[in-house]
Amino acid sequence: MQELVPHTTAIRPSPFSSLRARYFSTPLNGAVTLVCATVALWLLWSAFDWAVLHAVFGTGQREACLAAEGACWSVVSSRWRIVLFGLYPFEEQWRSGLACLVMGAVIALSCAPWFWNARRLPLLWVTGFATFYLLMRGGFFGLPVVTEQNWGGLSLTLFIFAAVCILGMPLAICFALLRRSKLPWIARTMALVIDTIRSLPLLSIMFTFAIVLPFVLPGWLTGDKLYRVIVGYALFFACYQAEIIRGGIQALPAGQEEAAMALGLGYWHRVGYIVLPQAFKNALPPTINQVVITFKETSLVTIIGFFDVMASGRAASGTAEWNFAVIEIYVFVALIFFVFVFSLSRYGAYLERRLDVGRR
Amino acid sequence: MPAFLNSRAMRDGAAQTAFVGALVLLVGIAIVTARANLEAQGLSAGFGFLERATGWRISFSLIDYDTSSPYWKAILVGVLNSLFLGAIALPLATLLGVTVGVMRTSGNGMAELLGTVFVEVFRNVPLLLQLLFWYAILLSLPSPRDTGLLPGGIALSGRGIYVPGLNVTGGSVFIAILLVLAAAAMALWLKSARLVSAPPRAVRRAIRATWALGTTAAVAALWIGRIPETALLSIPVQQGLNYREGIRISPELMACVISISIYGAAYIAEIVRSGINAVPKGQAEAGRALGLSSWHIFSRIRLPLAIRIVMPTMINQYVWLFKATTIGIAISFTDFFMVISTSINQSGQTLELIGILMGGFLIINYSIAWVLNRLNDAIALKGTQLRI
């Protein structure tokens, strides 16, 4: 007697059928695919045509650029030093470049989990920042002094960004703790301050600190314009970051703090060893997001009159020689920002997935 | 140690007094110093300067303004321009953002790719750079002499974009928009109030009647407000070196609108995508089990649920986008911030003007959040059994 064997050759999706399911499952889907593919190909082709086929490469090809239809990359190869280093003295620009590399390394190293600890991370940033500052400023080992007025370009952007993070992060922790204080007047006042600053545009805060503050503060308190803007931006950053940290603290089960209290730990031990480490883990993805936004919005200092990478980009094409090639310079500056911001935000997304996996 | 330091209540009270006192002291010092500085410059504090004539021009204004207008009017022009920019850019950003967000969750590989590229490109470049980029592109359009009218009566030129318009007064346009908004709010209220006693057909009829009434009233308002002795429709006409008739959209406004809508759309697309992904699979599967088409599953189940999930995040995003409109100062778009900063330069009344700026933004942002929160309450799912 023949036994009935169940038919086990399951229908395994072939690569072709999965392709079909993804792109051409229904007529509508197929039409969408075709339209999108046309748009994508057209965009790709126009970009390629503009940026490569009809573009002019090589230094100092101004005449060729004026005649060409495509991009004029010649402006970038002729003027990249201005974009990256601004008004920094020509012979000393290697210092500015090295300082940028140091800062880039600090940012890259902070992505390694080994550094995520209350001692290593601040140490890394403070050392990196000090190295950056000393390199840029000089005045030792025979390096000539270059004052902040002559800094510019990418290094100024990185300087402002790093200073805002270093100042803003401790401030944010303070703000978050003060806002959660059990003393009602402190908590309420802090909430008012945070909410007010959060509802104002960053530009108006920077403007207030840069231009209005010398007017309302006694002379000995004002300091340099650059540092005032940094303080203002750090305050703004701290108010946003404080809310992120507070959210991280609120996501903790109440039992954590109660258990610490039951063990007889004092306030600072509870906060330092129990609450904040876990809160930061909860708040890691939005924190990275906030840092990314902070880096992007550093470009606003251009409007207040600083010579950051944006402003130096405009200056690079601002001369009569290259004023027709402004789009190419903008694309170049956009690429610089894109490399930083895209890699950081990808890393944030990766971290979010990884932390999410750990939680399940 | 003195005995009073042992009392917890005493210590707490001292800490609070010290904290609040320090802040008050800081503000006090600021005010006193500012007073002193003002007197040194021969200016007087207070808001009296608002009645003085400004003496400077504003390139783009929705209301009548000239150099002899007082400061308060200049500030009003700025506020209106900011609101105008927001009122155009925020809905555009939403429209584009929802489209891209839906593309990214459509399941179609090609559409997802396009959406992802859009989001990654425009989210990772600073808004200021995008603004300058679009402004440079708009300015590099050919001069009006060398352009022709595109179909639909639109002309793209380096001096602005010309579109057909109606020859009506600004006030009547404002009233017409208000009427349409009122009709929308009424319809939404009718829908959400769930008039228990009324049958659904009657409610639907009432909503339809509201819309009809609102649009008719709006059209009537436009008709009454038309400028005499001109054709109702005004189409751009090339004349000499420029265009006349039609509405000119300045490159500044256009660049602001384009960059803020695209930048905002990239963020909104991410919010919408996460919202659509957050709708439990069971909801869509239940729809499929009931035999609904995939379009109905999307439009009647997934999108409405997703909108309710993302609404709180969106409210923050709108407030944030509205704050971002201040960036217009980079290309001299006369918004609220720019008027304030020019006024500070011209009049020297720094503290008062900064106060107006802060107060204005607080009021506008809280109003946006308030209106959207009401909307959120209105569309929220009622009942306790619904979990999404």
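This is a predicted model: local features need pLDDT of at least 70, side-chain atom pairs count only at pLDDT 80 or more; totals for chains, interfaces and linings use all residues.
**Figure 1. B:Ile161 is buried, with 21 other C-beta atoms within 10 Å.** B:Ile161 sits in strand 2 of chain B, residues 160–163. Setting aside neighbours within four places in sequence, the contacts of B:Ile161 are B:Ile154, B:Leu156, B:Ile249 and B:Met254. For a sense of distance, take B:Leu179: 18 residues separate it from B:Ile161 in sequence, and the two C-alpha atoms are 28 Å apart in space.

**Figure 2. The largest nonpolar core has 159 residues.** Residues from both chains turn up among those with the most contacts inside this core: A:Ile329, A:Val333, B:Leu129 and B:Leu131. As for secondary structure, helix 7 of chain A (residues 153–179) gives the most to the core, with 15 residues. Apart from this core lies another, of 5 residues, including B:Ala176, B:Leu179, B:Ala183 and B:Ala218. In soluble globular proteins, nonpolar side chains tend to be buried together.

**Figure 3. A closer look at B:Leu129 and its partners in chain A.** Not counting residues up to four places away in sequence, B:Leu129 touches A:Ser299, A:Met310, A:Tyr330, A:Val333, A:Ala334 and A:Phe337. One of these, A:Val333, is also listed with B:Leu129 among the residues with the most contacts inside the largest nonpolar core.

**Figure 4. Helix 7 meets helix 8 in chain A.** The axes of helix 7 and helix 8 (residues 184–198) of chain A come within 7 Å and cross at roughly 130 degrees. That angle makes helix 7 of chain A oblique to helix 8 of chain A. On the helix 7 side, the contact is made by A:Phe175, A:Leu178 and A:Arg179. Helix 8 of chain A brings A:Ile186, A:Ala187, A:Met190, A:Ala191 and A:Ile194. Sort the residues of this contact by type and you get 7 nonpolar, no polar and 1 charged.

**Figure 5. Where chain A touches chain B.** Here 43 residues of chain A are in contact with 41 residues of chain B. On the chain A side, the elements giving two or more residues are helix 1 (15–23), helix 2 (27–53), helix 8, helix 9 (202–216), helix 13 (284–297), helix 14 (301–304) and helix 16 (326–359). Which helix of chain A gives the most to this side? That would be helix 16 of chain A, with 10 residues. By type, the chain A side divides into 30 nonpolar, 10 polar and 3 charged residues.

Figure 6. Of the 360 residues in chain A, 36% are buried. Among contacts in chain A with a separation of 6 or more, 66% join residues 24 or more positions apart.

**Figure 7. B:Ser332 has a positive phi of about 60 degrees.** Most residues other than glycine have a negative phi. B:Ser332 is not a glycine, yet its phi is positive. Look for B:Ser332 in the loop between helix 9 (294–324) and helix 10 (336–347) of chain B. Buried or partly exposed? B:Ser332 counts as partly exposed, because it has 14 C-beta neighbours inside 10 Å.

Note on methods. Residues are numbered from 1 along each chain as its sequence is written. Chains are lettered from A and ligands numbered from 1 in the order in which they are written. A nonpolar core is a set of buried Ala, Val, Leu, Ile, Met, Phe, Trp, Tyr and Cys residues joined through C-beta atoms within 7 Å. A residue is buried if 20 or more other C-beta atoms lie within 10 Å of its own, exposed if 12 or fewer, and partly exposed in between; C-beta atoms are placed from the backbone. Helices (H or I, at least four residues) and strands (E, at least two) are DSSP runs, numbered from the N terminus. Two residues are in contact if their C-beta atoms, placed from the backbone, lie within 7 Å. Axes are lines fitted to C-alpha atoms, for helices over the stretch in contact, and angles run from 0 to 180 degrees between N-to-C directions. Angles under 35 degrees count as roughly parallel, over 145 as roughly antiparallel, 65 to 115 as roughly perpendicular and the rest as oblique. Ala, Val, Leu, Ile, Met, Phe, Trp, Tyr, Cys and Pro count as nonpolar, Asp, Glu, Lys and Arg as charged, and the others, Gly among them, as polar.
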